[in-house]
Amino acid sequence: MSSAEWLLIGLLAVASYGVRLAGLIGGRAIAANPRLKPFLDDLPGCLMVGLVASSLAGEPIVTWLAALVALAVAITSNNVVVTMAAGLAAIIVGHQLPFF
Amino acid sequence: MKQGFLSILPLAAGAALYGFAFGVLAAQIGFPWWGVALMSGVVHAGSSQIVAVEQFGSHGFVLGAVLAGAALNLRYLGIIASLSEVLRDVPLRVKLLAIHITGDENWALTMARRAHDPTIGAAFLIGSGLTMISVWVISTSAGALIGGAIPDLEGYGLGFAFTAAFIAMARAMWRGRRTVLPWAVTFVVTLGLVQAGMGAAYAIVLGSLVGVFTAQMRRARREETA
């Protein structure tokens with residue numbers, strides 16, 4: 001592994017355990033804080049949406065259409081693996097179509 | 001503990017499929033199987049790992065990738081905090097282990113069972129957590145072993161599997177109509193920032209913060225008018 005990969009794993013491990021430890025030590029106070037609670041509730045969903053937006057930025061129309069297919073499957077199935085499979089199938093089929 | 005170990009198995013099977021898919025993708029980006037196993041063992045946070053590896057793979061920038069992955073993990077503040085009753089009577093070293101092996105699935109199962117049966121406690125949490133982390137390490141490294149042996153799938157749009165996973169994870173975080181505005185703002189701002197040339201991980205964190213603050217401002221305004 002490259003040093004960047006080692007660094008990524010190391011920093012992510014420290015960050016991950018650090019958050020858990022903070023939850024153990026001061027979690028009650030943080031989670032019950034009326035200013036922080038809505039922030040902590042809203043942040044994960046927004047981050048996911050931001051990730052979707054950044055991975056679609058600058059992509060061709062076929063990728064956006066595959067994302068719509070994945071969204072429809074996600075709404076109906078609410079299952080990560082099923083959505084990944086459907087999204088992959090959609091993009092592979094999309095690339096085979098003559099007009100894309 | 002044995003009860004927890006066994007009760008979590010159906011949920012662990014779901015996580016195994018997801019872990020396998022993550023392993024394949026991580027190997028395609030260049031991680032060896034043992035690196036994936038190491039990461040799963042020491043980080044033990046599914047969505048955080050997938051986000052960090054995707055960001056690292058597409059931009060090669062460590063700090064941005066860690067920032068995006070760690071921000072996603074902030075929900076564990078609340079998850080671990082809610083365990084203070086469950087972990088009250090166990091020794092510190094057991095607490096320090098329990099918080100590492102606690103994931104979304106075994107936390108949710110422990111809390112749900114405990115609501116009906118007060119004898120469900122730390123042993124159940126730890127038993128189910130041990131199953132989850134073992135299944136996570138094994139499934140992700142198995143995925144990486146397979147993913148490292150097959151040719152480059154990027155040409156087939158494999159990277160899109162990550163996008164689809166993010167869409168599905170967002171779906172699971174949907175909280176009804178109040179989610180519409182912050183999500184729409186986040187989507188548009190992040191898209192705009194990336195198009196304008198900002199690094200993706202920073203654009204994601206900044207776009208999300210703008211989305212969260214939009215929701216906070218609307219809530220504050222509603223309270224004023226109420």
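Domain bounds here come from an automatic or database domain assignment. On that basis, chain A of this predicted model is divided into domain 1 (1-32) and domain 2 (43-100). The centres of the two domains of chain A, taken over C-alpha atoms, are separated by 29 Å.

In an unreviewed UniProt entry, "transmembrane region" covers residues 6-27 and 64-93 of chain A. Take the stretch 6-27 of chain A. The model makes this stretch 100% helix and 0% strand. Its end C-alpha atoms are 29 Å apart. Now take residues 64-93 of chain A. Here the chain is 93% helix, again with 0% strand. The end C-alpha atoms of this stretch are 13 Å apart.

Next comes the contact between the chains. Chain A gives 62 residues to the contact, and chain B gives 83. The size of an interface is often given as the accessible area lost when the parts come together. For chain A and chain B, the buried area is about 6,300 Å². Carbon and sulfur atoms give 80% of that area.

Helix α10 of chain B shows how elements of both chains come together. The helix runs over residues 159-172 and has 14 residues. From its first C-alpha to its last, α10(B) reaches 21 Å, close to the 20 Å expected at 1.5 Å a residue. The helix is mostly covered, with 11 of its 14 residues buried. Among them are Phe160(B), Phe162(B), Phe166(B), Ile167(B) and Met169(B). Ala161(B), Ala164(B), Ala165(B), Ala168(B) and Ala170(B) are also buried, as is Thr163(B). What covers these residues? From chain A, the cover includes α2 (36-56), α3 (61-77) and α4 (80-96). From chain B, it includes α2 (9-29), α4 (46-59) and α11 (180-195).

Charged pairs come next. Side chains of opposite charge can pair when their charged atoms come close. The count over all chains is 4 salt bridges. Between chain A and chain B, the count is 2. Asp42(A) forms a salt bridge with Arg219(B), the closest N and O atoms being 2.8 Å apart. Asp42(A) also meets Arg178(B) in a salt bridge, at 3.4 Å from N to O. Arg178(B) lies in the loop between α10 and α11 of chain B, and Asp42(A) lies in helix α2 of chain A, so this pair joins two chains.

Is Asp42(A) buried or exposed? Asp42(A) counts as buried, because its relative accessibility is 9% and the cut-off for buried is under 20%. Arg178(B) is partly exposed, with a relative accessible area of 42%.

Chain B also holds salt bridges of its own. Glu85(B) and Arg88(B) meet through their side chains at 3.6 Å, N to O. Arg88(B) also meets Asp89(B) in a salt bridge, at 3.8 Å. Glu85(B) counts as partly exposed, at 44% relative accessibility. Arg88(B) counts as exposed, at 51%. Asp89(B) is exposed as well.

Thr110(B) is buried, with a relative accessible area of 0%. Which residues does Thr110(B) touch, not counting those up to four places away in sequence? They are Ile120(B), Gly121(B), Phe124(B), Leu125(B) and Ser128(B).

Notes
Residues numbered from 1 in each chain as written. Chains lettered and ligands numbered in written order. Predicted model: local features only at pLDDT ≥ 70, side-chain atom pairs only at ≥ 80, totals over all residues. Heavy atoms only, no water. Helix = DSSP H or I, 4+ residues; strand = E, 2+ residues; numbered from the N terminus. Expected span 1.5 Å × (residues − 1). Buried < 20%, exposed > 50% of the residue type's maximum accessible area, 1.4 Å probe, protein only. Contact = heavy atoms within 4.5 Å. UniProt positions renumbered as here; feature names shortened; annotations may be inferred. Buried area = accessible area lost by both parts, 1.4 Å probe.
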